[in-house]
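This briefing covers one structure and is grouped by topic. The sequence and the coordinates are shown first, and the notes follow.

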Amino acid sequence: MINPAYNKNILIFLLSSIGLIALPHAYHLPLPVFGFFAVLLVWRFLGVWQPQRLPKGLLLLLVSVGGLALLYSQHSGILGRDAGTSLFLIALGLKLMEIKSERDLYLVNYLAFIVAASQFLYEQSILMAAYILFVCCVLFATLVFINSYVANTRVALKKASVIIAQAIPMAIAIFILFPRVEAPRWLLFNQQQQAKTGLSDSMEPGSISDLGLSDELVFRVKFTGAIPPPQLRYWRGPVLSQTDGKRWTQAKDLSYQQRAKATFSGTVYQYTLLMEPQDKNWVFALELPAALPKTLRQNAVLQLLSVDALNQRTEYSLSSYAQYNTGASTPQEIQQAKQLPATPSYKMKQLVRQLGGFDSTPEVFIGQLLTHFRQQDFHYTLTPPLMENNPVETFLFETRYGFCSHYASAFVTLMRVANIPARVVTGYQGGELNAVGDFLEIKQAQAHAWAEVWLDKQGWIRVDPTAAIAPERIEKNIDINQLLPGGAIHYVAPSSEAQAAFNWLQKTRQLWGNVDYSWQRWVINYNNANQSHFLSSFGIEDFKDMVYWMGAIIAVIVATLSGFLLYQKPTTVDHTLIVYKRFLKKLAKAGFNQGVGEGARDFAERIKPKLPTHAPSIEEITEAYLQQRYGVKASAVGLQHLKTLVNHFKI
Amino acid sequence: MQNDIQRLLTVANKVILGKDRQIRLAVCCLLARGHLLIEDIPGVGKTTLAYTLAKLLGMNYQRIQFTSDILPADIIGASVFDAKNHEFKFHPGPIFNQMILADEINRSTPKAQSALLEAMEERQVTVEGVTYPLPEPFFVIATQNPSHQIGTFPLPESQLDRFLMRLELGYPDPNSERQLLMGQNRHQIIQTLPAQITPLQLQALQQAIGKVHVSSALLDYCQAIIYFTRHSSDYVCGLSPRAGLALLTAAKSWAFMDQRNAVIPEDLQAVLAAVAGHRLKAGAVDSAAIVAPILAKVAVN
């Protein structure tokens, strides 16, 4: 028989599937390690046609030592996720160099399965899962290839797909029911590369003339009940109360201070927040959340922060109210909210005086100021002119073109000139409703800045000056797809019929967003707690139940598949062959095995000289068998005769 | 009837020494009404084998030496103007004989090859709109040199398919060679050979072979072989339905020569190399090696 380890087709198939399996590691592992593996793989590929070029003896030893040295230089050890994966990859590459027998083919194939599984240590997206499933299919096809005498790529791939399809119900059952063990996080996730840059912790309205609008997702919100109207969708982020006239920053000391409890009233909104990975630990809740999970804390300016780093998707259950009162403040906080970089200019004071800032109540002044923005020649634009010196005054008295940051900073500055405590709040505003999954998607483009004013008895009150000048910015989302630099701003109006169907791309994006969301919620986040919660809704309460159910479901699946296999078996049974096989079994016990392609006559002629005493009966049985199976007059009597002969045959 | 065959084989074995199996396969091929292709280097007895068989079967025998300048008319004949009767008269060519030895067939151009091979398939010849039937029985034994030799035009696969079997003779073993060297001239022996079978007897034999029983278990095995050749990576192109029929016919003939009235797997295996070798890999010479994977991997039971 030809050694399958030298079969070109099998080798090409195996090496290609290994190439596919290792490919995503190019992004995860150090380049030298992956490069080393790639060189070995290409070397082996060339070796398919020119086996004499493969390294042997001393050279192979040097290559192996080189690989280990490389591993050590990159990771200084073999512990940890990256080092372990690199070790597997290098071992796989080195093993490729010495495929000598069928056994080696299997070994390489199983190593490749492990490398495939290691991809999940880096990325757990649905696309990666689909890719790994596809590659596993190719690996299975390689196994099919090695084991079938009719080696045909299409047939092998088809068979592998069937194997995968049969395994999926089992995998799902085990996924749902197998007891989950929480691995220590440091063991698995020490990477930072997925985190994305979101909002900044400072704001400098005059120095940016072009607001970067990105379509990147920041977080998703799924409401259990009513979804708040757009004008209430303020997602609170960093609070900026410190300013030097140009730049707004957070107050120095934001550590938790004992403060009065907030009170809530009005409609309650319950929701689940699914944060995308971030490089900061900010969590954006709807206005002011009422109750906090243990993994979150609130700082002095009511911003939510997660206890752990947000370098993977994280889920929080929160609830917020339509109305709230932040309660009493501290003198220090009030002091911070009155800080001005310098004595206000005459122009500023003049404006405040004109709007009644020094002689009427704060409420009246706020109203006057918003009216001023609305009635005077102020414009909302995403591409305002640069304002290098004294941006607030330049904006208020000269350019009058700006976006949310300009309005918020000007508003807060004027409030402070009037001796009213105020501060800038940044975060996100709005959110696009995913109609398919019925959740809100909040993207970077929806970053926003508004103001907060301290009013006695009412606490911190949100005032959004941008809403005064461009109410549609608050009611609708900016359509990023139609935005041109310096051009008009288009808004997405979800209510209007024409806009709702404005293109299928939007729909597809929403559908995909929903799939991705469900994957995250039901597969990735299916941890110990979620599992017990989910299973208890089916009445499966404890570990024992879980194991029983798992056993039962696996038994059902196995029974179904076995039934299917039995049903497939040809119904016509060759009795003659069954009897003859009994005879063969007796001979096999004595060490005489019939070859796969060996006919009964040839077999008899081969073994007769070795079993001279049994030669006559072997001849008789063979003759009767051939007569019965291939002869003209097969009959029940003939079969009976054969049975008797075989039963009497002893060795 | 089988005794006649046995006698024929015995006599043939005395002329061509040490080639029992090849002679048996050649006779098997003729009994199955198939044309025979013998491929080997010059001088190993290809022509002698063909000549012997013709003599023993008592058939009209004509040898056509194929050369690079032979024309179709040299094979099938031509119309010549008869001055006496003022008309064209067809002069039949050497193909109008019961047994044709087409010697070194791959030395001629494809045009001449086609003329012969068409006649083989149709068992008739058409010249200028008139169809002339070929004599019955009609056999072609072609010999060819391995295609790596100089001045050869390899037969295409489609034409190789017309031959039921392809045989390789190979060098004789030392004993046979010794006898050959010591013995008298082969040509003289053949001249004196008496026919062992009459054409009428041959026809009876051929009819008897058609009645050999083929069980469904045997057909399973036969189909497994065909399926294997079509799906295995060892072969570029699997066996055609015509090849499957040829395999079965040859196996029946083999079983008959073995004095059995039913085909068993061993019969298929015995003729497999000769029947399938040239159909699976036209370029290669070693038929046994070509079919080795089939014999090793296709299960009999």
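**Chain B: overall make-up**

Chain B contains 13 helices and 9 strands. The model is predicted, not determined by experiment. Of the 301 residues in chain B, 42% are buried.

- Taking contacts in chain B between residues at least 6 apart in sequence, 76% join residues at least 24 apart.
- Helix H12(B) is mostly covered, with 16 of its 16 residues buried.
- H12(B) also has a kink of about 50°, and this kink is centred on B:Leu272.

**Where chain B touches chain A**

- On the chain B side, 22 residues are in contact with 20 residues of chain A.
- Three elements of chain B each give two or more residues to this side: helix H10 (216-231), helix H12 (265-280) and helix H13 (287-297).
- H10(B) provides the largest share, 4 residues.
- By residue class, the side of chain B that touches chain A divides into 12 nonpolar, 8 polar and 2 charged residues.

**Chain A: annotated transmembrane regions**

- The UniProt record, an unreviewed entry, places the feature "transmembrane region" at residues 9-27, 56-72, 104-122, 128-150, 162-181 and 546-567 of chain A.
- In the model, residues 9-27 of chain A are 89% helix and 0% strand. The C-alpha atoms at the ends of this span lie 29 Å apart.
- Residues 546-567 of chain A are 100% helix and 0% strand. Here the end C-alpha atoms lie 31 Å apart.

**Chain A: a three-stranded sheet**

- An open sheet in chain A is formed by 3 strands in the order S7-S10-S9, and the pairing is antiparallel.
- Strands S7 (282-283) and S9 (296-298) of chain A stand at the edges; each has a single partner strand, so one side of each is left without a neighbour in the sheet.
- S7(A) and strand S10 (residues 304-306) of chain A run antiparallel and are joined by 2 bridges.
- Which residue in S10(A) does A:Trp282 stand opposite? The residue opposite A:Trp282 is A:Leu305.

Technical notes. Residues are numbered from 1 along each chain as its sequence is written. Chains are lettered from A and ligands numbered from 1 in the order in which they are written. This is a predicted model: local features need pLDDT of at least 70, side-chain atom pairs count only at pLDDT 80 or more; totals for chains, interfaces and linings use all residues. Two residues are in contact if their C-beta atoms, placed from the backbone, lie within 7 Å. Ala, Val, Leu, Ile, Met, Phe, Trp, Tyr, Cys and Pro count as nonpolar, Asp, Glu, Lys and Arg as charged, and the others, Gly among them, as polar. UniProt positions are given in the numbering used here, feature names are shortened, and annotations may be inferred rather than shown by experiment. The bend at a residue is the angle between axes fitted to the seven residues ending there and the seven starting there. A residue is buried if 20 or more other C-beta atoms lie within 10 Å of its own, exposed if 12 or fewer, and partly exposed in between; C-beta atoms are placed from the backbone. Two strands pair if DSSP finds at least two bridges between them.
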